[in-house]
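Notebook open, model loaded. I wanted to look up a helix pair, a chain contact and an annotated domain.

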Amino acid sequence: MAQQFRLSRGGRIDRSRPIAFAFNGRTVQGFQGDTVASALLANGIHLAGRSFKYHRPRGILSHGPDEPSALLSVDRGPGRIDPNNRASVVEAYEGLKTRSQNHWPSLAFDVGAVNDLLSPVFVAGFYYKTFMWPRTFWDRVYEPVIRAAAGLGKAPEEPDPDRYANRHAHCDVLVVGAGPAGLAAALAAAKTGKRVILADEGAEPGGSLLHDLTSEIDGRPAAEWLRATLAELDGRENVILLPRTTAFGYCNHNHVALTERVTDHLPTGASQAPRERLWQVRAGEVVLAGGSHERPLVFADNDRPGILLAESVRVFVNRYGVLPGRRIVFATSGASAYTAALDAKAAGAEVTLVDLRLEPDCGSGPARLRAAGIPVLTGHTVVGSKGRKRVTGLLVAPIGSDGRCGGRRLLPCDCVGMSGGWTPAVHLFSQSRGKLVYDAERDAFVPGSSAQAERSAGAAKGTYDLAACLNEGDAAGAEAAGSLERRAFTATSTPTGFQPVRIMPTDANPAKVRAFVDFQNDVTAKDIKLAVREGFQSIEHVKRYTTTGMATDQGKTSNMNALGIVAGQLDKTLPGVGTTTFRPPYTPVTFGTLVGPARHALFDPIRTTPIHDWAESHGALFENVALWRRAWYFPKPGEDLHAAVARECKAVREGVGIFDASTLGKIEIVGPDAAEFMNRVYINPWAKLEPGRCRYGLMLKEDGYILDDGVVARVSPECFHVTTTTGGAARVLAHMEDYLQTEWPDLQVFLTSTTEQWAVIALQGPKARAVIEPLVDGIDLSPEAFPHMAMRSGTICGVPTRLFRVSFTGELGFEINVPSDNALAVWETVMEAGRPYGITPYGTETMHVLRAEKGYIIVGQETDGTVTPDDVGLASMIAKAKKDFVGKRSLARPDVVAAGRKQLVGLVTDDPKLVLDEGAQVVADPDQPIPMRMLGHVTSSYWSANCNRSIALALVANGRELVGRTLHVTTPDGFAAARVAEPVFFDPKGERINA
Amino acid sequence: MLEVRYRTARALPLGRPETTAPDRSGILIRPADAEARLTLRVRDPGRSAADLLLDRPINTVAGDEGRWIARLGPDEWLIGTAEYEADALAATIAADLAGKAHALVDISHRNVGIDLSGAHAAIALNAGCPLDLGEAGFPEGSATRTLLGKAEIVLIRRPGPSPRYRVECWRSFATYVHGFLQEAAFGVGHGE
């Protein structure tokens, strides 16, 4: 019979909308408004999973996010299989597919349950103790085997097809939790007109009011008050109400991270919306009203399916109209379970209540229950349970005046509701760096002094009475909004108070009792005791050794019991032991939420030049340079990198090549003090550079090492066109601005990045002039009028240009700067004009080879942040007459002027076909004993088609003195002999460049 | 002939704007047409140059959609105008600021504009911009340099009661920024 445990009426489910979903392949009936947990219980299904370590049958413990046991794999379609979902928070809908985890071959018959028989072996720290030796087994045997056997659920293997959103939001008051305290806080804050965000992780806001059928607020039933309050908040423009939204991280400056589950409760494809949304809220003030967690009781076999938290029984009965059992025993040490027992009785269950407290300590509770026909056993402990896949009875015993247990008694039942008191949810307060204080009366850590603009209210602060929660919430909300107005709520008084108990007294040998503290990690009371006996005294160490309080539930139900046991063993107070810190997230957050839209094309900006599409359509392969994509080489059909680069290199030296240099960084430096500024940031002299001329500039960091280089043109007396390396553009501009703003604010000069204003088309080779001659207007291109290292303004193809005559190849060359949006048209026109000359597009690889043939350095390749101008043979660029420039003083440091520094040289291998590895080490004698003395390393190495042999640049100690000597370079197989040479391999006299 | 080609060949990275309908979130995202932009740097600007106000507060924009000037810092302005007016405007500004140390640099091709409008436009921008874009925090006529996801942008809220924004970014970031805004409009989640 379907839903045989569904009550005939009541609950907040929509009985007009039946649904069906799958659990382990079986169809389960429920109603709209059910969670998977409530629908399973409505059908009498308690067995929902196997435990992590011992594979013990486990049921549904809780109704909310603290559920440690009923973890399901949820299947929402291809790519949407998601493990470790708590059955108590997954909303059921038509067509949903769920599976239990951690068992084989089936949930009912699980081979892994043999671990349970071996439990004496699997004590705390079992893995640490067992899998120590031999060391070689760590990687190949222990870890793979343990990983395969352990772990919760299976990670999905397909890419996530869902989309995730990110939203920054600002408000005056953020209220976390929409129970009575949070609602009262939001009401009070909203009335001031300030911007309020109210977030609650439940499907419906309301917290405990959603299952409170008996309380009244201001003379109205709680549910009615809730309806009116939500309507009022919803109607306010200044309030954002977020259901299904968990606050999971409290960062600095009241920056709180929330995850909103937007579509998971809807059938797949029912909504055009992101699956989840990360809210990054910056709140002026925060009210924390996240409620509290109920503690389980720790007794032998307290983990059987059918044993729930007492308040959860009440929630399933009142909110979902489900009776978790027909014969329910409530076991408690506090008052709240009495309310649950009365509600269960009212719903038709046969109820018994067992209270650890002595009758005089139980207040009016026992009398009220007995009046309702519920037997109450006070002064009784629980010593065990019966059953296997479902609880069949609870073993209880009276406690005598001497503290000893009397005769056992079996209370037959099919459900147990246990309550060991309450723990305020203080994780967000703790993350805000507020100080927790221990409140002995409430047996809990509660928020103490604040570190940020926040305050707690209600059960999150250890306040459990309904009227007190409402008034505390109201005061917190008003205070957060800066209002002096307060209101006084009247509400039905709530039975509160409990007697703290860590482990239920028992007559059994405690060394044999399996009383679970942490259900999720299968940690028992004796495991914790063992850890303490073995010397783990810090709660942080006990946690890591036993794994209590870890994984998806983060010890929501177990932390206080574990802490209490440790304190008891050490004979310390609870604050003496302290509490673990609450690292975010306290409740699981999907990777999707954290990643947000930053996937695929939106993972990082991919910067492309105006020529990019042309290069792509002409077969270019690309390489990443910083965020830029640059054309690497242009293979023709059948060509590999080697063949393409050889062809491109030849073409430039023999005819003309065209290269996209648009990514070069460019900075326009303008102002009366521009030349003075240049003098200070570069090692070169700039004052006498004439307008229209260029100079290769080198700049250092303060430590005297090379930062960046590039050609600079003086456009006018007060304007320089600076170029930087592609990857260094942002760094150089920041370096310059830093000095300008902090050291030299007196200089009248302004910097503007023009990297993307100008696209750069480099035309290199003996035929370069002939190609552009017909296209250029207003510039005399003759060598006399336009020599090497000059810049002229004019037009090309009718487009305004800053035409540079410069060369990074050693050939006659021009760099055509044109406005970016016109670059493609100019490029195509130049290509057309170059066709008769065999114009050849080339990429960065050929650019690298050609410059290496000439010994031109690349910053970041020949330099590594420890290389001075002299090291790379550029000391002559330093302006001797300048009083100062950035890095000048460091060039006089003892280690910079000392002999023996590594210097840039060429290496010519004895075997001309051998291309050395970049990064290979250089030694004088390959037969010396290990460790060998390294003289330096290869910085650049290529096959040079123009030299018809390999070439290499290297940094070698005292390299310039070693020219002509043979050294040895490491290769994958051994060593290769190479002769030290000047670092120029082609046209050493540099005649071609002036053609 | 070549002159004609220059005038017609400006290839915008996001293409020419098309008339598009707002998406389901009611947000219209439209790449701007070719425009001229100038960056002006000057320390003691006086009241105005070329009739553009230079004494307005930092983080405000003055002018209209045809010609606007956003003050981004104590000595920094971003100016937008129609392409054909760029040279004349630059010459007038330079003349008006003659004698004052200043930099006026043409960045028309560096910058790419994307216009954004619709009731939920600010929510879409907040997908990547951490600033408070509420009425009090970022009222009409506001302008600032900020972030959109992993890209630097200038964000301008046009004068007028209805929410209309201009996002300015560098050319090579335009594809990312445009894609980011489209994804952000989806993330606003109309039809949840």
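I started with two helices of chain A: the axes of α5 (residues 180-191) and α11 (residues 466-480) come within 7 Å and cross at roughly 35°. Helices here are DSSP runs of H or I with at least four residues, strands are E runs of at least two, and both are numbered from the N terminus. Axes are lines fitted to C-alpha atoms, for helices over the stretch in contact, with angles from 0 to 180 degrees between N-to-C directions. I noted the crossing of α5(A) and α11(A) as right-handed (the near helix is turned clockwise from the far one by less than a right angle).

I then listed who touches whom, contact being C-beta atoms, placed from the backbone, within 7 Å. Among the residues on α5(A) are Pro180(A), Gly182(A) and Leu187(A), and α11(A) brings Cys469(A), Glu472(A) and Asp474(A), among others. The contact divides into 15 nonpolar, 3 polar and 2 charged residues. Ala, Val, Leu, Ile, Met, Phe, Trp, Tyr, Cys and Pro count as nonpolar, Asp, Glu, Lys and Arg as charged, and the others, Gly among them, as polar.

This is a predicted model, where local features need pLDDT of at least 70, side-chain atom pairs need 80 or more, and totals for chains, interfaces and linings use all residues. Residues are numbered from 1 along each chain as its sequence is written, and chains are lettered from A and ligands numbered from 1 in the order written.

Next I checked the contact between chains: 42 residues come from chain B and 41 from chain A. On the chain B side, α4(B) gives the largest share, 6 residues. That side divides into 19 nonpolar, 11 polar and 12 charged residues.

Last, I looked up the unreviewed UniProt entry, which annotates residues 611-882 of chain A as "domain: GCVT N-terminal". Its positions are given in the numbering used here, feature names are shortened, and annotations may be inferred rather than shown by experiment. I found the end C-alpha atoms of residues 611-882 of chain A 41 Å apart, with the span 27% helix and 30% strand.

How values were computed
Two residues are in contact if their C-beta atoms, placed from the backbone, lie within 7 Å.
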